[in-house]
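Here is the note I promised you on this protein. Please keep the sequence and the model open while you read.

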Amino acid sequence: MRPNKTANVSNRSWDTSVSSVDKMLTTVVKRLLQGFLVLVMVMVLIFVLLRLIPGDPARQMSTIASEQAVEALRHEMGIDKSIPEQLVVYVQNILQGNLGYSWFQKANVSTIIAQTAGQTGRMLGLALRVSIGMGFVPGPYPPRPSPSAS
């Protein structure tokens, strides 16, 4: 005689014990902290690598300016400080929501992002529609068996 599996299912108590909830919460918190740590490490790595690129941005932006004008531009850009000091200022600005100033477009980076957000959204929507179309159109058609499979 076969055991009745449906009776066992109905008698199950859905135990959401504290230990299983604690394990899940611990895992989620651990993953969030790991993600934050990776984000900070990548931010610092990119910042330092960009500062180690040879060349002087102030000199490149004003090739015909006097040395005093170049030094004033370095001070205004904040690149006259050491790399750790620049990093501290950068992190403080990021935490305050200040993404910086684009010296080439002569505008705040937040303003530039806000101006291009609509175009980016339209491109994202188009890419989403194309990818959905490419996924759903061939979806109902099963693959044909290869001739060598017979």
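The numbered points below go from the whole chain to single side chains.

1. Ground rules. This is a predicted model, in which local features need pLDDT of at least 70 and side-chain atom pairs count only at pLDDT 80 or more, while totals for chains, interfaces and linings use all residues. Residues are numbered from 1 along each chain as its sequence is written, and side-chain values use heavy atoms, with hydrogens and water left out.

2. Overall layout. The protein has 6 helices and 2 strands, taken as DSSP runs numbered from the N terminus (helices are H or I with at least four residues, strands are E with at least two). Read from the N terminus, the order of elements is α-α-α-α-α-β-β-α. Among contacts (heavy atoms within 4.5 Å) between residues at least 6 apart in sequence, 31% join residues at least 24 apart.

3. Surface and burial. Of the 150 residues, 9% are buried. Here buried means under 20% relative accessible area, exposed means over 50%, and partly exposed is in between (1.4 Å probe, protein chains only).

4. A nonpolar patch. Which residues form a nonpolar patch on the surface? They are Val38, Val42, Ile46, Leu50 and Ile53, with about 440 Å² of accessible area together. Patches are built from residues with over 30% relative accessible area and no salt bridge; nonpolar side chains (Val, Leu, Ile, Met, Phe, Trp, Tyr) are joined within 5 Å, and like charges within 9 Å. Leu50 sits in helix H2 (residues 18-51) and is partly exposed, at a relative accessible area of 48%. For a picture of helix geometry, recall that an α-helix has 3.6 residues a turn, so residues three or four places apart point the same way.

5. Salt bridges around Arg74. A salt bridge here is a side-chain nitrogen of Lys or Arg within 4 Å of a carboxyl oxygen of Asp or Glu. By that rule there are 4 salt bridges. One of them joins Arg74 and Asp56, at 2.2 Å from N to O. Arg74 lies in helix H4 (residues 67-77) and Asp56 in the loop between H2 and helix H3 (57-61), so this pair ties together parts that are 18 residues apart in sequence. Both Arg74 and Asp56 are buried, with Arg74 at 17% relative accessibility.

6. The other partners of Arg74. Glu71 is partly exposed, at 38%. A further salt bridge links Arg74 to Glu67, with 3.6 Å between the closest N and O atoms; Glu67 is partly exposed at 46% relative accessibility.

7. Helix H5. This helix (residues 83-95) has 13 residues and reaches 18 Å from its first C-alpha to its last, close to the 18 Å expected at 1.5 Å a residue. The expected span is 1.5 Å times one less than the number of residues. After H5 comes Gly97, which has a positive phi near 85°. Within H5 you will find Gln86, buried at a relative accessible area of 10%. Leaving aside residues up to four places away in sequence, Gln86 touches Phe47, Arg51, Gly78, Ile79 and Lys81.

8. Aromatic pairs. The structure holds 2 aromatic pairs, counted when ring centres of Phe, Tyr and Trp (its six-membered ring) lie within 6.5 Å; planes under 30 degrees apart are stacked, over 60 edge-to-face and the rest tilted. Phe47 and Tyr90 are stacked, at 5.0 Å centre to centre and 25° between the planes. This pair links distant parts of the chain, with Phe47 in helix H2 and Tyr90 in helix H5, 43 residues apart. Phe47 is buried at 4% relative accessibility, whereas Tyr90 is partly exposed at 31%. Tyr101 and Trp103 have ring centres 5.1 Å apart and planes at 75°, so that pair is edge-to-face. Tyr101 is partly exposed, at 36% relative accessibility.

Note on methods:
Areas by Shrake-Rupley, 256 points an atom, 1.4 Å probe, with all protein chains shown as cover.
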